[in-house]
There are 2 protein chains.
Amino acid sequence: MSTSASEKKDSSTEEKIKTAAKTVFYKKGFAATRTRDIAEEAGLNLALLNYYFRSKAKLFEIIMAETFAGFIGSMKVILDDEKTSLEQKVITIAERYIDFISVEPEIPTFILTEIRNNPEELLKRLPIKEIVNDSVFIKQFQEAVQNKEITEPNPLHFLMNLLGLVVFPFIVKPIIMGSRNLETEQFHALMQERKKKIPIWINMMFKA
Amino acid sequence: MSTSASEKKDSSTEEKIKTAAKTVFYKKGFAATRTRDIAEEAGLNLALLNYYFRSKAKLFEIIMAETFAGFIGSMKVILDDEKTSLEQKVITIAERYIDFISVEPEIPTFILTEIRNNPEELLKRLPIKEIVNDSVFIKQFQEAVQNKEITEPNPLHFLMNLLGLVVFPFIVKPIIMGSRNLETEQFHALMQERKKKIPIWINMMFKA
DNA sequence: AAGTTTTTTAATCATTTGATTAAAAAACTT
DNA sequence: AAGTTTTTTAATCAAATGATTAAAAAACTT
């Protein structure tokens, strides 16, 4: 082998295919993606997809698993941090996820269509129940309820609201931009504003 | 013709196809839908789809146009009502859309994937700019800002937050249900709660 | 350098799928 | 009832598409 380990990781055929597959699957979804699209995006012969990944479905599964792991994994880390308060967790989630999605804006809709197409598979793969219920976040939330710092007893409303405020604007981005003739730059400015505002809004909604 | 006008509208072949197409397109999206799936769902011969609608794409366009018209049309009516206050508009939107989506829970993801797949076509078809900017809602919002009843000057944040709070939970419904082992019934109860809570939350977020 | 293994390519296959066609059936008109 | 139009059906087509194969090229080993 003449290439270094890191170079291999970035520029190997296998990695090129995965990168191309991400791009195309994110943009078009599984059903609308042609294996030929991926091969072309990667600048490689079509047969290499099957040589390295056996089938379109297997390749998709890998992309999906990595995407979900990245998305949920960082959530788990934040929710499980013993050292941060509830408020700090909200701040971190808003900040990190707005930054993350700004870089990969196709991911939310990709995940949401996958939720639609394969909810059982998804739940099998992701230990959502454990991540939510066994988290430091849930403990802190319940304490805050008991101490009457928070009026809403159901943590699901809290999480739905927080994630909805963060994610929803990205999903409807073209409508937002179309509704006021915004440029991409202005949309991003709007989302930067929301980094600061969402924690304040959440406080206003839930603080007693 | 031996059937009455209303009977024809409900049970004609054309209508059966549209109903079946809605069901399948909503659930699987355009690319993953086979015309044979629609024919089977409708209990009709495959060739009839082309006889009545020329092509899969044309049939899809019709379903899409009707779906969007229904979704945005009622929004326009609410936003343009001279007789209701801002607060009442929020109450009406939360109530009506939660009821509407509860009956057709596939619609949000259907629309969101269409936003992804065809943003230009969508904006061409829907006069979002006019609906938002020329609405009574915008006037009322700006007045409220001037009278310092509302702290947030940007109506986009207001609309994104309101619609996010309403729509987002439906999009992630399987995750919500999986995270706490909810039955469909309990999920619906949760959404009924939100009918009342969303207007309160919006007030808390935006009222000075 | 010769031999071996791994990777890549062009060509091809088999199936799926949207669409068409021609004939049959049903509905309608006179 | 006979003739005409509309609707429905079964069979078929052509293109797209995921996958395979066998040979060529490249990389690696000795």
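**Two chains, questioned**

Author: Welcome! In this predicted model, UniProt, in an unreviewed entry, places the feature "transmembrane region" at residues 158–176 of chain A.

Reader: What makes up residues 158–176 of chain A, helix or strand?

Author: The stretch is 95% helix and 0% strand. Its end C-alpha atoms lie 24 Å apart.

Reader: How do you know that chain B and chain A are related by a two-fold axis?

Author: Look at the superposition: a rotation of 180° with 0.0 Å of shift along its axis brings chain B onto chain A, with an RMSD of 0.0 Å. That is the relation of a two-fold axis, which is why we use the name. The same surface serves both copies, since 100% of the contact residues of chain B recur in chain A.

Reader: How many residues take part in the contact?

Author: Chain B gives 53 residues and chain A gives 53 residues. Between them the two chains bury about 4700 Å², 69% of it on carbon and sulfur atoms.

Reader: Why is the pair A:Glu152 and B:Lys197 called a salt bridge?

Author: The cut-off is a Lys or Arg side-chain nitrogen within 4 Å of an Asp or Glu carboxyl oxygen. For A:Glu152 and B:Lys197 the closest N and O atoms are 2.6 Å apart, so the pair qualifies. The count between chain B and chain A is two salt bridges.

Reader: Which residues have the most contacts inside the largest nonpolar core?

Author: That core has 134 residues, and the ones with the most contacts inside it include A:Leu59, A:Ile198 and B:Ile198. Leaving aside residues up to four places away in sequence, A:Ile198 touches A:Ala94, A:Ile98, A:Leu162, A:Leu165 and A:Val166.

Technical notes
Residues are numbered from 1 along each chain as its sequence is written. Chains are lettered from A and ligands numbered from 1 in the order in which they are written. This is a predicted model: local features need pLDDT of at least 70, side-chain atom pairs count only at pLDDT 80 or more; totals for chains, interfaces and linings use all residues. Side-chain values use heavy atoms; hydrogens and water are left out. UniProt positions are given in the numbering used here, feature names are shortened, and annotations may be inferred rather than shown by experiment. Helices (H or I, at least four residues) and strands (E, at least two) are DSSP runs, numbered from the N terminus. A nonpolar core is a set of buried Ala, Val, Leu, Ile, Met, Phe, Trp, Tyr and Cys residues joined through side-chain atoms within 4.5 Å. Buried means under 20% relative accessible area, exposed over 50%, partly exposed in between (1.4 Å probe, protein chains only). Contact means heavy atoms within 4.5 Å. Copies are superposed by least squares on the C-alpha atoms of residues with pLDDT of at least 70 in both. Buried area is the accessible area (1.4 Å probe) that two parts lose on being put together, summed over both.
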